[in-house]
Amino acid sequence: MKRFTTFICLTFFMMSNFSFAQIVDPIPVNLVGSSDPIAADFFLHIFTPSPLGGTYHGGVFYGATKEKWGYNISGLTPGTEYSLTCYYMMDKVIGTPALNRRGDLAMLSGAALDIVTINYITEPNWRIWYSVDVTFTALGTTDRFEIEADGATDNSLWLFTDVSALAVDISCDPLTTTATETEICLGEALTFTSTSINGGAITWDGGITNGVPFTPVTAGTFTYHATSDFDADCIDSVTFIVNPLPVVVASVDFAEICLGDDVIFTGSGADTYVWDLGVSDGVAFTPAALGTETYTVTGTNTTTGCENTATVDVTVNDNPVVTAAASPDEICIGESITFTGGGADTYTWDGGITDGVAFTPAGVGPFTYTVTGTIGASGCENTATVDIIVNDLPVVTASVDDDEICEGESITFTGGGADSYTWDMGVTDGVAFTPAAPGTVTYTVTGTNATTTCENTATIDVTVNALPVVIAAVDFTEICLGEDVTFTGSGADSYVWDLGVTDGIAFTPAGLGTETYTVTGTNATTGCENTASIDVTVNDNPVVTATASPTEICIGESTTFTGGGADTYIWDGGVTDGVSFTPAAVGTFTFNVTGTIGGSGCENTATVDIIVHDLPTVTASVDDDEICEGESAIFTGGGADSYTWDLGVTDGIAFTPPAPGTVTYTVTGTTAEGCSSTATIDLTVNASPTVTASASEIEICLGDAVILNGGGADTYVWDGGVTDGAPFTPLTAGTFTFIVEGTSTEGCSGSTSIDILVIECEDVIAAFAFNNNLCIGDCITLTDESIGTILNWDWDFGGAVDPSTSTDQNPFICFNTVGVFEIQLTVTNINGTTSSVVNSITVNELPNLTARNDTIIDLGDYADLIATSTSTGLYSWSPDFDVYCDECPITTANPQDSTTYTVTFIDENGCKAEAEVMVLVNIRQGIGVPTAFSPNNDGNNDVLFVKGYGIESLSFRVYNRYGEKVFQSDLQNIGWDGTFKNRDENPGVFTWVLIYNMQSGAKGKMQGNTTLIR
């Protein structure tokens, strides 16, 4: 399918308050794909007339590429805002456009555009011109506006017009215009609002009121203009798209069914469909309730998002099938069960049961109860049974590991006599539990029998003793560093403090700041204990420090002086605390600082020394300032203690420059004190020649001559007795490597080599061809491809087969062992010369494959086909005509007869395995004709078929409203496509007659109507 897309971009104009003229080049650059005008070819297709005049140019491109074209612009004023109007259109040639391409916009200068991408409009809006305004602020006096269009796998045609020089004089004030939407669906509303900075009153064309919502009545693309009654205001416009609603049709294959039967609902006239009441479009659905139900489908056009609805009715008739149910069907003695009958109108149970009323069995054991169900209208009745089990209760015990504890301690409760246990009060059986408060509490456990789920209870008491109320005290809560305090506990019988404190004994804190001390008090009677804490703050004594960072610098560098141990600091020598300071001279200097504590006013002093070093005078030298490519030079720095070169050079170490040319190298010399300076020197590297070697022939017979030539240099010297350009005759057979060295006029040299093969003209070379994509059990022929007059073939199969050797020229072998095998062929020619070759052959194991599930289905139902393998590969089901996805490992089948499905699996090595799944089909009968169909080639409900199962033969006839027979068929799989005498029939109601014979022997005749929808 081809699809053509058009872009036309033109008309720059200023958006400022003074006149200005700009020039657009009259000849735009053509596309990359073609430079030929194609206007005549373009108008062979049916396009909406262009909104522009002028000559069309363009090009056609093929394949997934991108094409770019544009306009050169001159006469711009930097900093001024401009606007560009782009026109674009899509068209199709055959079918529906399959791809949504787009155009990317950019300025060559990088100037920002307010719109950088134009998304293409898809169906149904083909062949409609669209436009969009793009603005930018000029960065220079010239620029280039470019369009880059996405490529696609189908063909595309791009057009634009020549534009003559255009001068635009705009001196009006722009309106500020907004639109709530630029694209809507038919029936929706939108609002246009435009305002004037001059206070002008706004009027719109097309009957629109400024700021008032309006609803378009037709679909299409519309442009409306806003006009102000203030003369200095510009005219503005808004373009928007109104997309049509899809014409949605709802249909169902059977309009009247029995309870439990499936129907397929189908929507048409849109792209996607959503049904209510749990229906999925085109998927079998089983109505859950009896009677006539109205089903509604909402169809949506995926391109525009517009949607519409349609409805269809389905009537479900009941089947008299009696069921019996008990809820629950297994209880414990003393519990109740509710028995319920189904499928009828009234129910009578044995055993004293009333349908739907709770019933309590009197004993333990299994029981069977029977219900008789009756249909009220016909008086038909049937019976069903249901089994229940009444289980006995377990004998539960309760225990705890300690029945008296302190508040906050944990204990473990354990239940007995059942399978699982649930405790009250937050207890978990066998898990440590901490009671919430002091006192004696009774805990209850419920034990459950895992098999019957029956349960019983038991209890146990636990006593929790309260904790003592401990108080922590100290004689002073704030002291100075080095002073003593005494800590005292109360509220208990004995006390233990942390951090080295002894109750009632003087203690000296070791550090500054506030520390929390904790005492643990113990009740001697219950053994229960508790804690309390108290804080003590230790204040520091002022100790002033002086630092400089760094303490040793080079002249011109800075250092920062910092005081410590106080609140404020004053330095001598012009220094400010914490501020960078640059000494004016070289030498060693001492600076003093005075530090003061803000709260007490205490102060102290400290000093720090710094050293200021002078800079070195650095020199740079090289042992040879002109060398050949690949040679080394030694760079040496002077005037300092250590040297660092750029460009990979190490001082005093031979350095090989990476490329020819003259390069300036810089050395940084550094003294032992870390002060540094730089120097430079130039080095010229002459290029080494790129030497080539060629021969009149690279393979000759023994006794023949060969001519060797060097290239890429000025003079050449060969080894092995060869003279450049002169014939040379090797004396023996074999492969010989000859080396040539070439030298340039600058004295630089390079070398290369060439191999010459000297052979006895009657030679032997062993070779054989084989298939290396093998699986265990495969058989192949090894094909001899040896060169020479061969007399003998000796094969060694490396243990891959038995026997492991052969003297056949082309042996046929079969592989029964998995592995990698080395196969060797040795051949002998008429001169007794031998040659051998070894090739590896890989034999892969067969993949494992499992298939399930063998099953029984009713005719028309679906069976699951599941294949699994631990390998990666491809699956294939056969027969495939009833299989939903014949290449999926998990799929479904809808066979008309009992069928054995075979799945074939081929792994990544090409090895194959097969397995089978049997689907047995119970034959059901049913026949009918859909009430509507829509032959619009959308793949949904396009043909009117006779629907049903178990049909042996049929005769189907369709008549129009004039009684003419427009279609007939005697086969269920041949239906009416909505045509008569090779022409489409108009939408309407058509009458049909169906005569059928079922596989069960039943016969009949049906008549009805079907609506043709387009």
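**A chat about strands and buried residues**

Colleague: Which way do the residues of strand β17 point, and are they buried or exposed?
Modeller: In strand β17 (residues 249-252), Val249 and Ser251 point one way while Ala250 and Val252 point the other way, and all of them are buried. Buried means under 20% relative accessible area, exposed means over 50%, and partly exposed lies in between, using a 1.4 Å probe and protein chains only. In a regular strand, side chains alternate between the two faces of the sheet.

Colleague: What sort of model is this, and how are residues numbered?
Modeller: This is a predicted model, in which local features need pLDDT of at least 70 and side-chain atom pairs count only at pLDDT 80 or more, whereas totals for chains, interfaces and linings use all residues. Residues are numbered from 1 along each chain as its sequence is written, and side-chain values use heavy atoms, with hydrogens and water left out.

Colleague: How many helices and strands does the protein chain have?
Modeller: The protein chain has 1 helix and 90 strands, where helices (H or I, at least four residues) and strands (E, at least two) are DSSP runs numbered from the N terminus. Of its 1014 residues, 38% are buried.

Colleague: Back to β17, which strand is joined to it?
Modeller: Strand β19 (residues 263-268) runs antiparallel to β17, and 4 bridges join them; two strands pair if DSSP finds at least two bridges between them. Val252 has Phe265 in β19 as its bridge partner.

Colleague: What is the order of the open sheet that has β26 in it?
Modeller: The order is β24-β26-β28, with 3 strands in antiparallel pairing. The edges are β24 (323-327) and β28 (358-359), and each has a single partner strand, so one side of each is left without a neighbour in the sheet. Strand β26 (residues 337-342) is joined to β28 by 2 bridges, and Ile337 has Phe359 in β28 as its bridge partner.

Colleague: What do β36 and β37 form?
Modeller: They form a hairpin with 6 residues between them, and Thr453 in the turn has a positive phi of about 65 degrees. The antiparallel strands β36 (439-448) and β37 (455-465) are joined by 10 bridges, with Thr457 in β37 as the bridge partner of Thr446. Strand β36 also pairs antiparallel with strand β34 (residues 420-423) over 4 bridges, where Tyr421 has Gly447 as its bridge partner.

Colleague: New topic: is Thr559 buried or exposed?
Modeller: Thr559 is buried, with a relative accessible area of 2%, and it lies in strand β47 (residues 559-564).

Colleague: And what does Thr559 touch?
Modeller: Not counting residues up to four places away in sequence, Thr559 touches several residues, including Ala548, Ile553, Val579, Phe581 and Ile610; a contact means heavy atoms within 4.5 Å. The backbone oxygen of Pro550 lies 2.5 Å from a polar atom of the Thr559 side chain.

Colleague: Last one: how far apart are Arg852 and Met918?
Modeller: Arg852 and Met918 are 66 residues apart in sequence and 8.5 Å apart in space, C-alpha to C-alpha. Arg852 lies in strand β75 (residues 850-852) and counts as partly exposed at 41% relative accessibility, while Met918 is in strand β81 (residues 912-922) and is also partly exposed, with a relative accessible area of 40%. Arg852 touches Asp864, Leu865, Ile866 and Val917, again not counting residues up to four places away in sequence.

Conventions
A polar contact is a pair of N or O atoms within 3.5 Å; within protein, one must be able to donate a hydrogen and the other to accept it, and residues adjacent in sequence count only if both atoms are side-chain atoms.
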